[in-house]
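Grab a pencil and take a look at the model below.

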Amino acid sequence: MRVFVINCGSSSIRYQLLDSDSGRVLQKGKAERVHELEGGHGEALKEILSGLDASSIEAVGHRVVHGGDQFFDSVIVDDQVIDAIHRCDVYAPLHNPANLLGIEVAMQSTPQVPQVAVFDTAFHQSLPDHAFRYAIPQNLYQAHHVRRYGFHGTSHHYVAKQAARIIARPLNSLNLISLHLGNGASATAVKEGKSIDTSMGMTPLEGLIMGTRSGDIDPAIVFYLARQTGLGRDAVESILNKDSGLKGICGFNDMREIEMRAMEGDARAQLAFEMFCYRIRKYIGAYYAVLGRLDALIFTAGIGEKSPLVRERSCRGLTHLGIIIDPQKNDRTANEAFEIQ
């Protein structure tokens with residue numbers, strides 16, 4: 001079966017045409033800064049589809065960031081699913097509208113082909129109440145669905161399955177900590193194959209320090225900044241999402257640039273690097289305590305796969321937990337999984 005897979009993001013579109021039987025990638029590509037184009041995502045996706053043999057496509061898979069608390073698995077798209085995705089715009093205003101636009105354009109271009117929505121939040125629907133609830137009044141939780149949803153679920157689930165394959169044990173027998181470290185970053189505790197806690201919350205802003213997102217902060221900071229600066233709530237929200245994190249600390253959100261500048265003695269870059277790894281180390285310790293036993297620690301995404309220094313520094317001082325990095329094994333990058341202990 002030929003499957004066209006689309007990740008229609010806030011400013012880019014990534015795609016692959018796959019032979020699902022063999023797993024072979026037949027065609028792939030990326031369109032960047034599509035929000036700056038006339039016609040935006042819609043025109044860019046039409047251009048991508050025009051370069052493919054649309055008649056050969058038998059299914060289209062769409063990454064959707066937020067599925068709220070309604071979707072526990074991937075689903076075939078119909079009018080009800082489209083309405084549900086649209087209602088989740090409020091939780092992911094930068095991503096869900098773009099995801100939905102990708103679905104609508106693909107449905108117009110390939111009307112006879114099933115469209116499947118794959119939700120970032122679905123893997124985390126197994127979180128227990130005590131992990132997904134916030135300590136806010138019950139009526140606000142019920143009326144406005146204020147809870148932890150988690151993100152990067154497709155990534156965490158995939159690498160958990162890959163770890164099980166490498167270890168040669170059933171996934172439902174393993175306790176894992178998965179670290180998705182890219183411009184967006186999150187940690188997930190996986191117990192017997194199921195997500196039981198994750199660092200991102202109701203939105204992708206909570207948790208680890210990210211490229212431009214603050215991660216965990218005292219919530220009172222929001223009100224303090226609004227009072228002290230006179231900025232409105234939208235402006236403060238934008239600062240925390242787009243101008244904070246690594247960029248806010250040192251002026252750069254690319255870890256390669258930060259590592260280079262840190263080695264050259266740039267104090268702000270050194271601080272950003274240390275803060276990034278320190279937050280990861282705290283989450284490893286917290287999730288180890290939650291799991292009680294750890295079978296594997298997983299690094300994935302751009303930084304997790306490409307930065308030996310981040311991996312080493314994030315695990316430094318954790319030998320008492322049995323987490324010991326082999327410097328020689330760790331000193332590499334690859335496009336396939338490899339062990340570093």
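The model is predicted: local features need pLDDT of at least 70, side-chain atom pairs count only at pLDDT 80 or more, and totals for chains, interfaces and linings use all residues. Residues are numbered from 1 along each chain as its sequence is written, and side-chain values use heavy atoms, with hydrogens and water left out.

**Exercise 1.** Work out whether N175 is buried or exposed, and find what its side chain reaches.

*Solution.* 
- Step 1: find N175 in strand β7, residues 175–181.
- Step 2: check its relative accessible area, which is 2%, so N175 is buried (buried means under 20%, exposed over 50%, with a 1.4 Å probe and protein chains only).
- Step 3: look at the polar atoms. The N175 side chain reaches the backbone oxygen of L291 at 3.5 Å, and a polar atom of that side chain lies 3.3 Å from the backbone nitrogen of E192.
- Step 4: list the contacts (heavy atoms within 4.5 Å). Leaving aside neighbours within four places in sequence, N175 touches residues including V190, K191, R293 and A296.

**Exercise 2.** Describe what lines the second largest pocket.

*Solution.* 
- Step 1: count the lining, which has 33 residues; M202, T203, L205, V222 and E237 lie nearest the pocket's centre.
- Step 2: assign elements. Those giving two or more residues to this lining are α7 (220–229) and α8 (233–242), and α8 gives the most, with eight.
- Step 3: sort the lining by type: 18 nonpolar, eight polar and seven charged.

Conventions. On a 1 Å grid over the protein atoms alone, a cavity is a set of points where a 1.4 Å probe fits but cannot get out, and a pocket is an open set with protein on both sides within 12 Å along at least five of seven lines; lining residues have an atom within 4 Å of a point. Helices (H or I, at least four residues) and strands (E, at least two) are DSSP runs, numbered from the N terminus. Ala, Val, Leu, Ile, Met, Phe, Trp, Tyr, Cys and Pro count as nonpolar, Asp, Glu, Lys and Arg as charged, and the others, Gly among them, as polar. A polar contact is a pair of N or O atoms within 3.5 Å; within protein, one must be able to donate a hydrogen and the other to accept it, and residues adjacent in sequence count only if both atoms are side-chain atoms.
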